[in-house]
Amino acid sequence: MRIFRVDSTLVATARIGGLDSHRLLVVQERASASKQVAVDPVGCKPGDWVIAVGSSAARDAAGSKEYPSDLTIVGIIDYWDEATPGPSERRTAKTANGEARR
Amino acid sequence: MNIQRVRSDLVATYRVPSLAEKSLRVVEDHSGNLEVALDPVGAKPGDFVITIGISAARFAAGDPRITTDLTIGGIIDHWSEERWRS
């Protein structure tokens, strides 16, 4: 599962029958990452931090094994600190501090 | 799912039977990388589309026996190049 931030809703009137009328949302993993589209069975608002599943779990999470989703939102995060650094960013921060001290 | 733009049609007459007689399109992502997607919707060049990957692509094609790993799921009503690249 990965953490995404909801960017906006997405309207696609001409769609395959299998997608039904499920809500589609544009989500972004980081501000610099490319935008992706996720199925939303939960009911999120733009700006929410959410957990999403990929691979075949995305089909099950959207309601049925046949549902054609490769990314489905499974929960809204109650509290999330946007500034929480990832492992690579943490390393960069340490290096930056070290250089600053020198 | 990803947001991609249809670049052109793709004709491949000699193909494996498991691809059936499905239409193929060349799609590009926001940095210009090209991929081939199966198109059950009928998208035109220039349309912004939602593409479905991995095993869900086979279900999106309408029959899980179809051997695709990228299928167009829908045409986006309103989208712009600026939003795509930002």
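This is a predicted model: local features need pLDDT of at least 70, side-chain atom pairs count only at pLDDT 80 or more; totals for chains, interfaces and linings use all residues.
**View 1. The contact between chain A and chain B**. Chain A gives 24 residues to the contact and chain B gives 20 residues. On the side of chain B that touches chain A, the elements that give two or more residues are β1 (2-10), β4 (48-53), α1 (54-60) and β5 (70-75) of chain B. Of these, α1(B) supplies the largest share, five residues. Sorted by class, this side of chain B has twelve nonpolar residues, seven polar and one charged.

**View 2. Val37(A) in the largest nonpolar core**. The core has 44 residues, and those that touch the most other members are Val37(A), Ala38(A), Val49(B) and Ile50(B). Leaving out residues up to four places away in sequence, Val37(A) touches Leu10(A), Leu24(A), Val26(A) and Leu71(A), together with Met1(B), Asn2(B), Ile3(B) and Ile50(B). In soluble globular proteins, nonpolar side chains tend to be buried together.

**View 3. Gly42(B) in a loop of chain B**. Gly42(B) is found between β3 (34-38) and β4 of chain B. Gly42(B) counts as exposed because 11 other C-beta atoms lie within 10 Å, and the cut-off for exposed is 12 or fewer. Gly74(B) is 32 residues apart from Gly42(B) along the chain, and their C-alpha atoms are separated by 9.0 Å.

Note on methods
Residues are numbered from 1 along each chain as its sequence is written. Chains are lettered from A and ligands numbered from 1 in the order in which they are written. Two residues are in contact if their C-beta atoms, placed from the backbone, lie within 7 Å. Helices (H or I, at least four residues) and strands (E, at least two) are DSSP runs, numbered from the N terminus. Ala, Val, Leu, Ile, Met, Phe, Trp, Tyr, Cys and Pro count as nonpolar, Asp, Glu, Lys and Arg as charged, and the others, Gly among them, as polar. A nonpolar core is a set of buried Ala, Val, Leu, Ile, Met, Phe, Trp, Tyr and Cys residues joined through C-beta atoms within 7 Å. A residue is buried if 20 or more other C-beta atoms lie within 10 Å of its own, exposed if 12 or fewer, and partly exposed in between; C-beta atoms are placed from the backbone.
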